[in-house]
Amino acid sequence: MVDPANTPLGKMLLEEITPVVMVLCTPLVEESCLKNGLSFIQMLSPFCNFTNIDVPVRTASDQPYRLQKFKLRLFYASDIRQPNLEVAKERLKQVITQAGEKDFSEMWSDPPQVNDLLSRPESEILPSWFQFFNEELVRTLSFSDHEAFDHPVACLLVVSSRDEEPINRFVDLFNTNKLPSLLNDGAMDPKILKHYLLVHDNQDGASEKATKLLTEMKSTFGPNDCQLLCINSSQDRQIHHQENPWAPFKSDALPTENLGCFLNFDDFNEIKDLMQELSSKHIIPYMEQKIRVLNQQVSATRKGFRNQIKNLWWRKGKEDASDSPNGPVYTFSSVESQIRILGDYAFMLRDYELALSNYRLISTDYKLDKAWKRYAGVQEMMGLTYFLLDQSRKEAEYCMENAFNTYLKLGSAGQQNATRCGLWWVEMLKIRDQIKEAATVYFRICSEDPLHSAVMLEQASFCYLLSKPPMLHKYGFHLVLSGDHYKKCDQVSQSLKYCDNVPNSRSSNILQCFHLQIKHAIRTYRSAVSVYKGTTWSLIKDHVHFHIGQWYAFLGMYDVAVTHMLELLACSHQSKTTQELFLRDFLQIVQKTGKTFEVLKLQLPAINISSLKVIFEDHRTYASAAAASVKESVWHSLEEDMIPSLSTAKSNWLELQSKLMPKKYKESNICVAGEAIKVDVEFKNPLQISISILSVSLICELSANLEEMNSDGNGSNIELQNDENKTSTSTRDIDSSSILSEVDLSLEGGETTLVQLTVTPRVEGILKIVGVKWKLSSSVVGFHNFESNSLNKNVAKGRRKAKYSPDNYLKFIVIKSLPKLEGIIHSLPEKTYVGDLRHLVLELSNRSKFPVKNLKMKISNPRFLNAGNQRELNVEFPACLGKKTNVVQSGGHSNINKVLQNVFLFPENISVQEETSLSWPLWFRAAVPGNISLYVTIYYEMEDVSSIMKYRTLRMHYNLQVLPSLDVSFELSPCPSRLQEFLLRMDVVNKTSSECFQVHQLSSVGKQWEISLLQPVDSILPSQSLFAGQALSCFFKLKDRRKSSTSEDSIPSPSLLLQSDVRLGPQGNSEALFDVYSSPLADFHNSERLHQGMPLQGNEYKVDFVFISQLLKGNIDSGAPNTPLLISHHACHCSLSSMSSISWLVDGPQTVQHNFSGSLCEVNLRMMITNSSDAVASVRISTFDSPSSSIQSSDASAPQPGLPPENQAGWCDIPVVNDMKVITSDALATRFTKSVSLESVSQFIWSGSSSTKLRLQPRSTAEIPLQISVFAPGIYDLSNYVLNWNLMPSSEEEKQGEASKSSGVCQGYPYYLTVVQST
Amino acid sequence: MATTACFIIVSRNDIPIYEAEVGSAAKREDAAQLHQFILHAALDIVQDLAWTTSAMFLKAIDRFNDLVVSVYVTAGHTRFMLLHDSRNDDGIKSFFQEVHELYIKILLNPLYLPGSRITSSHFDTKVRALARKYL
C-alpha cells in the first residue's frame, strides 16, 4: 500500500485542508503589488507551500514530531465567506462548456473504438477537465460554518509605507464591520493571531522611512508580530524569472505578461523568509498552543466516566428543547465547537490520532443533538482521518457513506456537501482499486442539477471502462445516461430563457446558448455508439442512433446526422408511431442537407436478393412472363426433337464467331439488341407504415462493342443511370444505346412486391447489370449491387450451366438485332369444362425486317391442343363440324400422322414476313379435369444466314383450369335374342353445380357399328337438357354391321339404323349431326385412344363412342358470344365384359303343339355358332340329359366339380357357378324345391349324338341341327348342354402371346320350350 | 403482480432471443428502451457473478433507481433477466425455474436452432401466464 499522503486524495487533502490566513491590506499595498501584475496574495502564494519546513511539533502528547510539509492558504477577508452558489454554478458551467468546445473540435474524426480506448493509458482516456471540475466543485463549499478547517487561523494585516498614519491604518483594518461573518456571528473566536506587515515599495524611495515605521509598530503591537517587507527593488523591467513561480497562481495571465518583473532576487528571498517565519514562528506554535489548551479543556469537561455520564444526562434533558433542522447553534465558546476546532487543528498539524479521537467524541454529541450537518461533517473528517492513517478501510468507508447519507438526508441544503463528500469517497475508493464501487458512488452523487449529474455519470462511465475487467455494458449505459443529462441541461436553460422574455434580437445568441452542452451529449453518445456497435439489442441501437442523429442535426452537421439516421430505417421491431417518427426525421434531415444522398445498401425497402430472377432471350424467346418462368428442363424436353441438337448448334455458331468473340465471353449469356432483359426483384417494406419509392431502375454498364471490351476497360465503358447517359464518346445518339425502365411503387406496411425492371440494349457490345437503384424520397437514392455469388439464377442454361462462372450471370453479350416472332393464341379460355371443344387461332407476328422460315410447332399436350389446317382458319364453328356428305373423309387419317410425330410442320412455303402476322387455326379440347399447363413451342429459322443465331424458338405457356362437366359411362351387354347385337346403356351425370347441358349426339367410332335408340329420348328426357346434378340413362342397341348380312332377323329401316350416329336432341331439330370423322374430333379421339394406351386400329370387339352435348349458356367464357359450347366426351374401348370369340344362338320354335297320345314329340332346333376371331376354332357341343350321361361327359362337367349330386339329377338346369355368383340363398332354395317337385315330371332327351364336334373357319358361322324328344307336355329348359371351344391360333399370334382367351367352356343359354297337348 | 417487469432471455453471445414486457403498468415507449439499457448494462455484473456460485438463480444483482434486475443463468449460459420493481424473491425464483423448463422444451425442438430468436407463440403465452402467476 502506498503512503496515503502520496495518493491523489492524500495530496489533495494536504493541499486543501491547511491553515487559512486572513489577509487584510490597504489599497496602496495592492497598488504596489500590481506593478508586477500580481495581487498581494498572488505575490505571496508561491511561498506558502513548504515542502521541507522541518518544524518540531508537540501537540497533546509529550512526544514531539517533526512536520515536513506545510502549507498556508491566504485569503482576503472579503473572500472568507461562503461562495455564492449561483456564481459558482455559472463558473462550473463555463468550465464544462469550454471543455465541450475544446473536445468538440476533435469530433470530426472517427469515434475511438472501445478496444483502442482500452489499450491506452488511463490518463489519456479520462478527459483532463474532470479533475479540474471536481476541484472547483469542492471549492464551492469552503468556509462553511460547520467545519473549522476553513476558519482563519491567523490574520495578516498589511499596510504600505506610503499610507498615512500606518499605525492607525493597522487598527482600522481589523475593524469588526469589515470582518467576515464567520468572525462576527460567533462561529469562530474573533481573537485570532494577528501579524502586522509593513510593505515598502523600493521604487518610492529608500527604506529609512519604513524602518522608522517598523520600530514604531513594534512598540505599538509588540516586537514579535511586526515585520517589514520591501518589494519592487528592481528599478527597470529586467528581471525575468526563469521558472516563474507565480504562473500557476494567476490562471488568466497572458503569456507575454512578465509576472513579478520588479521583484529581484532579494525581494524574492525576503518574501520567502517572511512566509517561512510566519508559519514556523507564529502559526504553527500558535496552533500547537491552542491544541494543548483546548485539549486540556476537553479533557477536563468531557473525558472521564463522570463527565460522560453528565454529558449524556445533560444532552437528554436538552433533547426536546431545540428542534431546528440544523440542530442547535453552536458558538465558538461551546464545547462542541472547541472539540471540532481541536480536531481540525490536530488534523492540519498531522496529528491524526488526536484528531480522530476528538472527531469520535464530537460525532456522538452531534448525533444526540441531531445536528446532522455537523454530524455529517465530522463523519466525513473521520473517514478522511482513517484514510490518512491507513487504518481500517471499512471504518473509513463506513464513515464516508454515513456522512454522504446524512448529507443527502438534509435535502437540497446538504447536496453540495454530499457531492464533495462523494468525490472524496470516490477518490478513496479509486485509490483502493474499488473502481466499480467508485462508479456507484459517482452515480449516487447525481443531484437534480442535470449538468452536475451528467458530469458525474460520465465519470462513472469511465470508472466502468477502467475497471478490471472493463465493464463495457455499464460503460455504454452510463455514457447514454450522461448524454441524456447533458441534453437535459440544454432544455432547462432553453425553458429558462424563454421565461425571461428575452428580446428577439438576441435570439440567435440564445440559440447558441441552448446547445452549450449538446456537444458533450454528442461526445458521450459517440463513445456509446462505439460500445453498442453491432449490438442486437435493437431498442438500444435505435435510441442511440436516433438521438445522436438528431443532435448532430441541431448543430447543422447534417451529413453525420444522416449516417446515424440511416441505421434506424429498418426498425421493424418498433411501433408504428416510432417508425413514422424515425422516417420523418430522417427525411427532414436529408432535406436540410440540401443534397442528394446516394446510399449503398439502403435498408428501406429491403431487397430479397434470392428472389432475383433474370429473364433474357437468346435463341429462346418467350411469349409471356409465365412462359419464361417455366423450368428450362420442361422446354428442353419439349424441344428436344425439334431443334438442332445443342452441341452441334453451339459449335456451329461459336466456331463461326470464335475469332470475333474473345474466349472468356463464350460462356456469357447472349441477348439480342433491341430486346429487353427483364429482371425481377422483390422489394419488401419492413415497416408498418407505407412507403413510396420512385424511379426504381437497373444500373447497367454497356460497353459499346466487343473490341473496346477487349482492351479491358480503358474508360470507354458507358455507365448508364436512368436515362441520362453521361458519355459522349461515340458520335451516335447515345440515348439509343440502351433503355431502362423506371417503376414507381408504393409499399404498404409489411408488403412484399415483385418488381420487373427491364433494360433494353440498343447497340452491340457487352452489357453488365450491376445493380438496382431507387429513390426513397426526392433526395435519397438507394443502391443495391447484385453480388454474383448470392445470385440464384432461374434461367438455367441446360447442360451449359455448369461451365458458368458466377461473375457472368449478369453479363450479357449483346448481338445485333434478330427477327423475333411474337405469338399469341387468341381466346384460349382460362377456365372451362371437360370436353369443351373450340376453334382457336394462333397468331404469329414478326416485328423485324427480316423474314423467318421453316416454322415448326410442338405442343406438349396433344390431347388438349391440335394444329389445324390452314383452310380451317376462317371456318365457322361449330357448323364446320357438321356432316358434309360431299366431303371425302380422308382428312382425319392424314392428321393421324401429324399427331404421331408430335411436331407440326408448317408448310414449307410459309414464312413470316416483316411486319406481318401469320394466323393458324388450332383446335382445342379440354380432355381431363384439373389444372392444366399447356406448353407450345414454335421453332423458326432466320432467312438471314449470316447472323450468329440460326434459329430461335418461341415458347408459349398457358395455364387453364378444367372443371368436370358430364360423367359419361357406357355399358355393353349382349343381346340375348340376337346374335351380334348388343345393348348399350349410357349413363350421363351432370357433375357441375350450375350448368345445364343439352344432349346432342352419340356416335360410335368405326364403320362396323350401327347404333340406334331403343326408345326416343323425348320420353326419358323431355327437355333434352341435363340440369346440374341430374343423371340420365339411355339405352341403345348396337349392332355389328359386318355380321348383319348373315343375320336373318328383320332389318329395321335403314334410315334409322345404317349409321353410327344417333341424334339425342329433339327430333324436330334440324341441326346437323357432327361428324366424328372429320379433323378435330377424329384427331382428339385418336389422342384419347393413344392416351389410354390402345392401338389406333382397335379390336373389333371394342367400341369407341363419342358423346356430344352442348352448353348453351354457361358461366364459362365461350370465346364468341351466343355460341353454344360444344362438349364432346370420348369413351374408348367399351367392350362386353364376357364377350368371347365364339357366340351361338339356339333357334327353334317357342311353342310346340303335339298330341302325346300318339307318339313322343320330336322338336328340331338349330344352333348357329359364330366364330368372330381370326383363328380357326374347334367347337364341341355336348348334350346330356341324365346324371349318368353328365358324368360320362366328364370333360363337360369338369368346370363344376363342386356341384351337389342331387342337383345333377333331373332335367333342371345346372347352375353355372361362375355366372351366378350373386344368387342369394333363398333363390337357391326355391330352385331346389322346384327341382324336387319336378323330379316326377317326365323328361326330354336329346336326340342324336350327344357330342358334336366341328371346325369353324375364321369369321364364319355354322349351323348345327339339334333335336330333342319330349315325352310329356310341359315347359322345358333346354340349357343342359355345354359348348367347348378351342381356338387354334395361327403361328404368328402364338408368338405374340396373345392375351385373349383361346379356349373356353360355355354352359348353354336357357331356352324355354313349351310343349302343349294338342287336341 | 409487479407494476413494471421486463423479461428478457439473452443467449450466450449476449443476443436477446426473447423479450416480453410483463408488467401490469401501461406500456411506455421510452420505458422499453430504458429497460433494455438497464438489462444490457447488468450483463457485466452477471458475467462477474455467474462464475462465483453454483446456483442458477443469482437473485437481485443490479439495480437502477427503484428497478431491480434478477438473473437466472442456465447451464448453457443462457441468461434469463428480469427487471422488476417488486420484492418477491421466491416468486421470481419459481418464475425462473418454470421458464427454464419451458426453455428446455424449446431447445428440444429439433427445428429450433440454439441461440436463435424464440418465436413460439405458445412459449410467449406460457411465459406471460407464469408472470401473472408469480410476479
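**The interface and chain B**

Modeller: In this predicted model, 21 residues of chain A are in contact (heavy atoms within 4.5 Å) with 22 residues of chain B. Local features need pLDDT of at least 70, side-chain atom pairs count only at pLDDT 80 or more, and totals for chains, interfaces and linings use all residues. Residues are numbered from 1 along each chain as its sequence is written, chains are lettered from A and ligands numbered from 1 in the order written, and side-chain values use heavy atoms, without hydrogens and water.

Biologist: What area is buried between chain A and chain B?

Modeller: About 2,000 Å² (accessible area lost on being put together, 1.4 Å probe, summed over both parts). Carbon and sulfur atoms give 65% of that. A:H473, A:F477 and A:W537 supply 39% of the area that chain A buries against chain B, more than any other three residues.

Biologist: How many salt bridges cross the interface?

Modeller: Two, by the rule (side-chain nitrogen of Lys or Arg within 4 Å of a carboxyl oxygen of Asp or Glu). A:K474 pairs with B:D62 in a salt bridge, at 2.4 Å, N to O.

Biologist: Switching over, what order do the elements of chain B run in?

Modeller: β-β-α-β-β-β-α-α, from the N terminus on. That's three helices and five strands.

How values were computed:
Helices (H or I, at least four residues) and strands (E, at least two) are DSSP runs, numbered from the N terminus. Buried area is the accessible area (1.4 Å probe) that two parts lose on being put together, summed over both.
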